[in-house]
Amino acid sequence: GDNRTPEGIYFTLNHISEENLLVKKYGRVAIPLDFPNPLDQREGKTGYGIWLHGAGDDNRIAAENVTEGCVAFYNNDIIKVKNWLLPHQSAVIISTDEKSINH
């Protein structure tokens, strides 16, 4: 509920296709992440609904705070990315500083 993008290592869940997305702002596909994962839960982090998704209108990408904690992609890019991110098999690392990964 804080509209911030969590940092950590997350696994992808089942993709949500365009016909199942009720809001156009998510673009052509959404890829939910397993936030909060067990480590997040152990640290007392709560929340839900963190996705990788399209932008609907690509012009939204340039706007500040374009999402409510999710990671937005240009629509063509999320279509390419979805083919690499298999549900329940692919890890996604979200970090503002690559030096903090694996510490």
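Which residue forms a salt bridge with lysine 45, and how far apart are the closest N and O atoms? In this predicted model, the partner is glutamate 43, and the closest N and O atoms of the two residues are 3.5 Å apart.

## Salt bridges

Lysine 45 also meets the side chain of aspartate 40 in a salt bridge, with an N to O distance of 3.8 Å, and Asp40, Glu43 and Lys45 are accordingly linked in a network of salt bridges. Lysine 45 counts as partly exposed because its relative accessibility is 36%, which lies between the limits of 20% and 50%, whereas aspartate 40, with a relative accessible area of 3%, is buried. A search of the whole structure finds 3 salt bridges, among them one in which the side chains of glutamate 68 and lysine 25 meet. That pair links distant parts of the chain, since glutamate 68 belongs to the loop between strand 4 and strand 5 (71–72) and lysine 25 to the loop between strand 2 (16–17) and strand 3, 43 residues apart. Glutamate 68 is exposed, with a relative accessible area of 52%, while lysine 25 is partly exposed at 28%.

| Salt bridge | N to O distance |
|---|---|
| Glutamate 68 and lysine 25 | 3.4 Å |
| Glutamate 43 and lysine 45 | 3.5 Å |
| Lysine 45 and aspartate 40 | 3.8 Å |

In soluble globular proteins, nonpolar side chains tend to be buried together. Here the largest nonpolar core has 12 residues, namely Tyr10, Val29, Ile31, Leu33, Phe35, Ile50, Leu52, Ile78, Val81, Leu85, Val92 and Ile94. Strand 3, helix 2 and strand 6 (91–94) are the elements that give two or more residues to this core. A second, separate core of 5 residues includes Tyr26, Ala30, Trp51 and Cys70.

Because tyrosine 10 lies in strand 1 (residues 8–11) and phenylalanine 35 in the loop between strand 3 and helix 1 (38–42), the pair ties together parts that are 25 residues apart in sequence. Both tyrosine 10 and phenylalanine 35 are buried.

The buried residues of helix 2 are Asn75, Ile78 and Val81. Seen down the axis of the helix, these buried residues fall within an arc of 120°, so they line one face of helix 2. Asn76 and Lys80, on the other side of helix 2, are exposed, and what covers the buried residues of the helix includes strand 3 and strand 4 (51–53).

Asparagine 75 has its place in helix 2, which spans residues 75–82, and counts as buried at 9% relative accessibility. Leaving aside neighbours within four places in sequence, asparagine 75 is in contact with Gly27 and Arg28, and also with Gly54, Ala55, Gly56, Asp57 and Asp58.

In the loop between helix 2 and strand 6 lies serine 90, which counts as buried at 11% relative accessibility. A polar atom of the serine 90 side chain lies 2.7 Å from the backbone nitrogen of leucine 86.

## Proline 32 in strand 3

Proline 32 lies in strand 3, which covers residues 29–32, and counts as buried at 11% relative accessibility. Beyond its neighbours within four places in sequence, proline 32 is in contact with Phe11, Thr12, Leu13, Asn14, His15 and Ile16, as well as with Ile50 and Trp51. The C-alpha atom of proline 32 is separated by 9.0 Å from that of cysteine 70, a residue 38 places away along the chain.

Terms used
Residues numbered from 1 in each chain as written. Predicted model: local features only at pLDDT ≥ 70, side-chain atom pairs only at ≥ 80, totals over all residues. Heavy atoms only, no water. Helix = DSSP H or I, 4+ residues; strand = E, 2+ residues; numbered from the N terminus. Buried < 20%, exposed > 50% of the residue type's maximum accessible area, 1.4 Å probe, protein only. Contact = heavy atoms within 4.5 Å. Core = buried A, V, L, I, M, F, W, Y, C linked by side-chain atoms within 4.5 Å. Arc of directions from axis to C-beta. Polar contact = N/O pair within 3.5 Å; in protein donor to acceptor, adjacent residues only side chain to side chain. Salt bridge = Lys/Arg side-chain N within 4 Å of Asp/Glu carboxyl O.
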